[in-house]
Amino acid sequence: MHAAVLSTFDAPPAYRAHPEPVAAGDHEMVVRVLAAGLHHLTRSKATGSHYSGSGALPLVPGADGVVRDPAGRLRYAVLDDTRSGTFAERTVIDVRRSVELPAGADPVRIAAAMNPAMSSWVALRRRITFAAGQRVLIIGATGNAGRMAVQVAKLFGAARVIAAGRDAARLAALTALGADETCTLDEISAAADVDVVLDYVWGEPAATAMIPMLTARTDRSAPLTWIQIGSMAGATAPIPAAALRAARMRIVGSGIGSVPARDFLAELPQIAAAVGEGRIDVRARAVPLAGVADAWAAETDERIVLVP
Ligand SMILES: NC(=O)c1ccc[n+]([C@@H]2O[C@H](COP(=O)([O-])OP(=O)(O)OC[C@H]3O[C@@H](n4cnc5c(N)ncnc54)[C@H](OP(=O)(O)O)[C@@H]3O)[C@@H](O)[C@H]2O)c1
């Protein structure tokens, strides 16, 4: 078969012949890959920088995807840490880490959406007790996960969703997806009175935003949960000590590990349904797997989906 094979962390994967994958355990099966998203998780695992990656080479990247199982059923599958990923004509899945999709599901749309959509869905459902009527600020709202977070927060009954980012033009487009307000990161004090922050940016911008935002709160003793989800602006953030004293804020993270795999998996059917039914808007660009090297380096705000 053909696959995208990564032989070094310094260069994109190459499309070439690769040995057929082999199923091992009781729950494993060899499946045909129909579509696999090029997510940040996929890239950072493939470059050895994600905390859940093994760092071993060579490897076939691809952390998830839409596949056809031996019985002809469509499935969305999440792969455990593996060197035999979904950027291949065939891969091995653990059926317990998959969800069956309706026969008419669009593989590209599902493959593009599940990873970014689950970031906010799981954070609000599994990391905190989110109640309808609460107010949510999304930092980094213009990205794929952030745009979906706007929609997911609304689906969960948020009373107010404020979308924050660095690009005013991109932010303006988010009102059509349900954002009640938008603001740039410099204007974050205007978003002070929220109950939850979903932070995709972290780094210096998140740390800088904290004091102006927290000190502008009408009631600083009202609880605020800052959920660290992504780290687009930096893996570390210099949190001012005063930020933890000036207001009743707690910082938690949401991701693989802080949320158990079984909790992620339990949410998959509902996320797939929301995507499939069009309740979550998806920006996807299908690219043939043979074009993986160019796609790897492409700068686009659409989610690239590789199609074998
Ligand atoms: N923990 C989880 O469960 C989970 C799941 C999925 C994704 N994630 C993480 O979430 C993050 C976003 O993923 P995505 O799929 O939405 O990526 P994306 O589509 O590439 O969007 C990236 C977002 O980050 C913003 N950004 C990038 N660099 C920035 C900087 N230096 N300062 C301020 N904003 C910056 C971008 O703003 P512009 O629009 O202005 O460029 C955009 O809003 C990634 O770190 C990803 O790994 C986490």
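Predicted model: local features only at pLDDT ≥ 70, side-chain atom pairs only at ≥ 80, totals over all residues.
Turning to individual atoms, an oxygen atom of the ligand is 2.7 Å from an N or O atom in the side chain of Arg 303, while on the backbone side a ligand oxygen lies 2.8 Å from a polar atom of Gly 143 and a ligand oxygen lies 3.4 Å from a polar atom of Gly 140. How much of the ligand does the protein bury? Taken alone, the ligand exposes 940 Å², and the protein buries 81% of that area.

Now I would like to move to Arg 283, which sits in the loop between α7, residues 261-276, and β14, residues 284-288. Leaving aside residues up to four places away in sequence, Arg 283 touches Thr 142, Gly 143, Asn 144, Arg 147, Asp 301, Glu 302 and Arg 303. In the case of Thr 142, its backbone oxygen lies 3.3 Å from a polar atom of the Arg 283 side chain.

On annotation, an unreviewed UniProt entry places the feature "domain: Alcohol dehydrogenase-like C-terminal" at residues 146-258. In the model that span is 30% helix and 21% strand, and its end C-alpha atoms lie 20 Å apart.

Finally, a word on charges: side chains of opposite charge can pair when their charged atoms come close. A search of the whole structure finds 15 salt bridges, and one of them joins Asp 263 to Arg 126, with the closest N and O atoms 3.5 Å apart. This pair links distant parts of the chain, since Asp 263 belongs to helix α7 and Arg 126 to helix α2, 137 residues apart.

How values were computed:
Residues numbered from 1 in each chain as written. Heavy atoms only, no water. Polar contact = N/O pair within 3.5 Å; in protein donor to acceptor, adjacent residues only side chain to side chain. Areas by Shrake-Rupley, 256 points an atom, 1.4 Å probe, with all protein chains shown as cover. Helix = DSSP H or I, 4+ residues; strand = E, 2+ residues; numbered from the N terminus. Contact = heavy atoms within 4.5 Å. UniProt positions renumbered as here; feature names shortened; annotations may be inferred. Salt bridge = Lys/Arg side-chain N within 4 Å of Asp/Glu carboxyl O.
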